[in-house]
Amino acid sequence: NNRFVPEANSNSKLLSRKLKKQSAMTSYTPREKADATVWEAMKEGFASGGLVAIPSTLAVYAAMTFSPKFVKSTNWQSRTALVIMPPLFAFAAAAENKLVHRMHEMAAEKSHSREMAEWSTQSQQKMLNDHKQQLKKMSTQKILAQPGMTDRGALTIQENVEKEREIAGKFRESVVNSGVRVVPGELGVHHRLAN
């Protein structure tokens, strides 16, 4: 039972924590995913910019109220810039950080999906190779004694069905934890052709 299992790296841990926080998984097209990412970054930027606008506005107001030198040495354009530039910087920095963070998350999701597909393929290939090796070593009598070849193997068929269910359950669990949304239903003709 030495099977290849992808190592849990920090990205997959981050991904699993993120998925646990989401109450409902949404299926996006690439364009919708890009739009959602930009909107999340903008919301983060607006929140940071709004929080920085309060003290910058109060600072300029206090300087104008209590410092005649400040009033004489600045014009309305420079005062406006002193009020606007800190929130603008906070908006840009927060939005950029959120965008970079989200891109790393999306890369981790894609990497996890790829690792799971590789693991599944390698696991199935290893099982097939092991079975071929066993068949090469067996005599005809032993092959006929295998499950499904005679009535004697009926109990072993049930064991194989249980093993298949166990493997399918583990694979399903890995897919559910990967962030991929599985939609129930039948495949259409165009899906079957594409597959």
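The model is predicted; local features need pLDDT of at least 70, side-chain atom pairs count only at pLDDT 80 or more, and totals for chains, interfaces and linings use all residues. Residues are numbered from 1 along each chain as its sequence is written, and side-chain values use heavy atoms, leaving out hydrogens and water.

**Exercise 1.** Find how the axes of helix 2 and helix 4 cross.

Step 1. Take helices as DSSP runs (H or I, at least four residues), numbered from the N terminus.

Step 2. Angles over 145 degrees count as roughly antiparallel. Helix 2 and helix 4 are therefore roughly antiparallel to each other.

**Exercise 2.** Compare the span of helix 4 with the expected one.

Step 1. Multiply 1.5 Å by one less than the number of residues. For the 62 residues of helix 4, 92 Å is expected.

Step 2. Helix 4 reaches 91 Å from its first C-alpha to its last, close to that value.

**Exercise 3.** Examine the pair arginine 31 and aspartate 35.

Step 1. A salt bridge needs a side-chain nitrogen of Lys or Arg within 4 Å of a carboxyl oxygen of Asp or Glu. The closest N and O atoms here are 3.7 Å apart, and arginine 31 forms a salt bridge with aspartate 35.

Step 2. Both residues lie in helix 2, four residues apart, so about one helical turn separates them.

How values were computed. Axes are lines fitted to C-alpha atoms, for helices over the stretch in contact, and angles run from 0 to 180 degrees between N-to-C directions. Helices (H or I, at least four residues) and strands (E, at least two) are DSSP runs, numbered from the N terminus. Angles under 35 degrees count as roughly parallel, over 145 as roughly antiparallel, 65 to 115 as roughly perpendicular and the rest as oblique.
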